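Please keep the structure in view while reading.

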Amino acid sequence: MYLEKTPQNPFIYQVEEKTSDYFPQLVRKYSFRWPLYFLGLCLCIALAFTYIKFAEPKYIVGAKVLIKDESKGLSTASALQKFDLFQTKNAVENEMEILKSRTLVKQVILKLDVWTQYHEIGKVINKELYDDLPIKFTMLNQPEKLSGQMIEVIIKDDQSFILKQGNQQVLTSFDAKFKNNFGSWKLVPNSNIHKYAGKVIRITLNNPDDVTDAYILKLNIALPNKKSTIVDLSLKENSRQRGKDFLNNLITIYNHAAIDDKNKVSQSTLKFIDERLVSLTRELTKVEKDVEGFKSKIGLTDITSKSKLFLENVK
């Protein structure tokens with residue numbers, strides 16, 4: 001008798017089968033920490049609620065502008081463009097740059113007084129005010145050196161308010177005028193001022209040029225379809241109404257600027273035509289005089305009159 005040795009394969013491992021109670025064991029392993037998980041969930045919900053309640057809202061306001069392309073409808077120009085015989089800048093793209101130009105944006109900033117910000121000071125957060133202002137800040141002269149100066153007032157009633165100057169508080173009326181390092185100013189009460197009695201209002205005076213630069217960066221102008229002349233305008237704003245007012249006034253000022261430009265071109269064209277007509281009239285008059293002088297010089301007379309005279313003599 002002999003014993004046959006079975007060869008052992010070193011690459012064969014014994015796999016331990018997982019029992020059916022693996023998941024129950026896993027649950028029991030972490031179940032004792034459930035208070036920590038519950039506390040984390042409650043904390044996340046509380047943070048989310050706090051953010052939603054106190055975070056400053058952001059609105060995206062949009063508008064569409066139809067830009068008239070003067071080259072549209074010109075069959076000859078269109079045909080030449082198809083054959084690339086000449087290349088010019090796209091008129092729509094030029095108008096898009098004009099819409100976002102510093103000149104137009106600053107006009108809107110100054111018209112809406114966006115450089116002046118109003119906040120209602122609260123215990124936790126400060127609420128920005130725009131379309132429901134209790135007071136209106138008015139400059140009495142050209143402002144100088146505006147760089148974020150702040151004015152805080154406590155509204156007493158529709159006749160008076162408390163002006164906070166450092167640690168001092170001065171009771172004054174809305175008829176009073178003030179003078180600071182940035183110029184002379186006053187506060188004008190609005191009809192809804194009674195709703196803000198006892199409230200603290202902070203007025204921030206920003207540099208109009210800095211505000212203009214900020215709005216140029218925020219303003220987005222896009223051409224969704226290159227074959228169309230409709231341009232999309234969008235703006236991200238804290239106040240929905242302020243965003244609407246900004247875009248509406250920007251479009252209005254743009255249209256007025258376009259009309260003024262066309263009127264200037266028309267006036268220049270008419271002036272040029274009138275000057276050319278006057279010049280041509282003078283030149284024709286001079287030519288006629290030169291012809292008459294030439295005829296007289298060589299003895300030419302009116303042939304028609306001479307013929308009539310000859311016929312009368314014959315009769």
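## Terms and basis

Buried is used here for a relative accessible area under 20%, exposed for over 50%, and partly exposed for values in between, with a 1.4 Å probe and protein chains only. Helices (H or I, at least four residues) and strands (E, at least two) are DSSP runs, numbered from the N terminus.

The model is a predicted one, in which local features need pLDDT of at least 70 and side-chain atom pairs count only at pLDDT 80 or more, while totals for chains, interfaces and linings use all residues. Residues are numbered from 1 along each chain as its sequence is written, and side-chain values use heavy atoms, with hydrogens and water left out.

## Strand β4 and its partner

In a regular strand the side chains alternate between the two faces of the sheet. Strand β4, residues 135-139, has a covered face made of I135, F137 and M139, whereas K136 and T138 belong to its uncovered face. Strand β4 runs antiparallel to strand β9 (residues 183-189), to which it is joined by five bridges; two strands are taken to pair if DSSP finds at least two bridges between them. Within this pairing, K136 has V188 of β9 as its bridge partner.

## Salt bridges across the chain

Side chains of opposite charge can pair when their charged atoms come close. A salt bridge is counted where a side-chain nitrogen of Lys or Arg lies within 4 Å of a carboxyl oxygen of Asp or Glu, and by this rule the model has twelve salt bridges. One of them joins R102 to D209, with the closest N and O atoms 3.5 Å apart. This pair links distant parts of the chain, since R102 is in helix α5 and D209 in helix α6 (residues 208-218), 107 residues apart. R102 is partly exposed at 37% relative accessible area, and D209 is also partly exposed, at 30%. Both residues belong to a network of salt bridges that links R102, K106, D209 and D213.

Another salt bridge is formed by the side chains of E120 and K199, at 3.7 Å from N to O. Here too distant parts of the chain are linked, with E120 in strand β2 and K199 in the loop between β9 and β10 (200-205), 79 residues apart. E120 is buried at 15% relative accessibility, whereas K199 is partly exposed at 34%. K195 forms a salt bridge with D132, the closest N and O atoms being 3.4 Å apart. That pair connects the loop between β9 and β10, which holds K195, with the loop between β3 (126-129) and β4, which holds D132, across 63 residues.

## Two loop residues

Most residues other than glycine have a negative phi. D113, although not a glycine, has a positive phi of about 55°. D113 sits in the loop between α5 (102-112) and β2 (116-121), where it is partly exposed at 24% relative accessibility.

S239 lies in the loop between β12 (230-237) and α7 (240-298) and is buried, with a relative accessible area of 14%. The side chain of S239 reaches the backbone nitrogen of R242 at 3.3 Å. Apart from neighbours within four places in sequence, S239 is in contact (heavy atoms within 4.5 Å) with Y59 and Y130.

Conventions. A polar contact is a pair of N or O atoms within 3.5 Å; within protein, one must be able to donate a hydrogen and the other to accept it, and residues adjacent in sequence count only if both atoms are side-chain atoms.
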